[in-house]
Amino acid sequence: MSANLSALFYLISGVLFILALRGLSSPETSRQGNFFGIIGMIIAIVVTFLSIGNFSIGLIYVLVFLSIGAFIGALIAYKIPMTAMPELVAGFHSLVGLAAVFVAISAFVNPAAFNLGEPGKIKLASLIEMSIGAAVGAITFSGSIIAFLKLQGVMSGSPIIFKGQHFLNALLLISIIILTYFLCSVQSSNLFWILIGISFLIGFLLIIPIGGADMPVVISMLNSYSGWAAAGIGFTLENTALVITGALVGSSGAILSYIMCKGMNRSFFNVILGGFGATEQSSIYQNKEQKPFKSGNAEDAAFLIKNASSVIIVPGYGMAVAQAQHALREMVDILKKNDIKISYAIHPVAGRMPGHMNVLLAEANVPYDEVFELEQINNDFANTDVAYVIGANDVTNPVAKTDPQSPIYGMPVLDVEKCKSVLFVKRSLAPGYAGIDNDLFYKENTLMLFADAKKMTEDIIKNL
Amino acid sequence: MEIDPFIFRLSIFILSIFLGYYVVWSVTPSLHTPLMSVTNAISSVIIVGAIIAALANNIGNIFNSSSIYGFLAITLSAINIFGGFLVTQRMLAMYKKKKK
């Protein structure tokens, strides 16, 4: 196949990838979009085979390695529970990053195969492009591994902070730029290996100071990085499909990080520098005076819910941990039979990744037109009888609106306290991730239900 | 004077960033998780580079030092392609409307 023809086909698969993302603008068109994405991928792979045009023994090996990956991938896709989506996405990011590193290494070792010149005499532009691809890929890989371990709970979710951390990161970043410069002038493979090594280290250091609840930002950011790494390789390979995809994925991840940061009213740098865990000391001080609160059991809760005419459910990460989404749906089914109006309110940063709660509710067969975003539903709390807060905490804290001293001041929160009564399912009064007390616990109209989210919901069902 | 092909690719790149910006803003927030898994899958089109790397100069030893990285990258991206698209499909199948 001629180079021009294959370039046209790569363009087509790039366009199909754009349509794949476009389809996600509504659930109805999303499945078709995914189909476009698959077609685009098939075109890209087939065209690559045809343009090489060398159907020797090598092709069989390629198909063998491809099938191994396909088998593992399909197995994971079918087995993974929906609550583990954040880990899965972090894991996938690490693979994209590592693949980018491998392709860059291969291009560096054997540039002739990619029409980039001879070893030691690689074109300058290509060398810069592959250095960027390799460095960003390596950062994506090690960063995603840390994010994965933190989400899995293998590594503690609390931020790891040491003295001179930011200084060290800055130093390493500068050394990467200097290394790239020298690499371009002497083209020594040792420098290339050092460059990749330092990039792995940066990815690791970049993510360890970031705490568990900031994971939505981290995952989005790594998503963005994996795109930029792909784009860097795309420039090296002079491949349009890869350049388009890299740009799409890069901007997609960047937008998601922006939305997540806005949902917490924090700047991107504030999250990345990982300063939030440091507020823990002040929270211990705050907790000294014990304010009065009301607590109840499943029977009280069932009574309140049964006599309501409208209920808003506010899910959070605790629901995912307790796997309470199915029990919740069962409860809602009973309520619907009694003509109680049900809606769900989702805060942008609820859960551990963008859209985490929506997927869990969809898994439990909750129709998506009952699920609302913060801006859509926030005015409805005032006209609602009962709010059922299950596994959420900081995102309901009215302090964000009233106390300028609070670290979460200015963060958009759900106006849960405006409901006639609030049922707050929580295991204890302990403060949430932000390390601050939730004023909502001590309101007149709040009833605390101290239990595991799933168990409490099941108990309420028994009492309905 | 002829324009360097790099400039054309750069133009495609910059325009795609803008395109991505508008397309992604139109994605409904409830589908942000499938968005991440599908972007994962499509960024694995890097498999194109992996295949070229694997099949380069396959005269003689097929697993020479540069090809082996290609083969490894093929497996990694294949995991992502199949895993990414299939898990997206699985998720999207769950989004249902209210039964009227």
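Reply: What follows describes the interface between chain B and chain A.

This is a predicted model, in which local features need pLDDT of at least 70 and side-chain atom pairs count only at pLDDT 80 or more, while totals for chains, interfaces and linings use all residues. Residues are numbered from 1 along each chain as its sequence is written, chains are lettered from A and ligands numbered from 1 in the order in which they are written, and side-chain values use heavy atoms, with hydrogens and water left out.

The contact (heavy atoms within 4.5 Å) takes 104 residues from chain A and 78 residues from chain B. The size of an interface is often given as the accessible area lost when the parts come together. Between chain B and chain A, about 8,300 Å² is buried, and carbon and sulfur atoms give 78% of that area. Buried area here is the accessible area (1.4 Å probe) that two parts lose on being put together, summed over both.

One salt bridge is counted between chain B and chain A; the term stands for a side-chain nitrogen of Lys or Arg within 4 Å of a carboxyl oxygen of Asp or Glu. It joins the side chains of B:R9 and A:E238, at 3.5 Å from N to O. Polar contacts between chain B and chain A number 13 residue pairs, both residues at pLDDT 80 or more. A polar contact is a pair of N or O atoms within 3.5 Å; within protein, one must be able to donate a hydrogen and the other to accept it, and residues adjacent in sequence count only if both atoms are side-chain atoms.

On the side of chain B that touches chain A, at least two residues each come from α1 (5–25), α2 (32–43), α3 (47–55) and α4 (65–92) of chain B. Helices (H or I, at least four residues) and strands (E, at least two) are DSSP runs, numbered from the N terminus. α4(B) gives the largest share of this side, 25 residues. By type, the side of chain B that touches chain A has 50 nonpolar, 23 polar and five charged residues.

How values were computed. Ala, Val, Leu, Ile, Met, Phe, Trp, Tyr, Cys and Pro count as nonpolar, Asp, Glu, Lys and Arg as charged, and the others, Gly among them, as polar.
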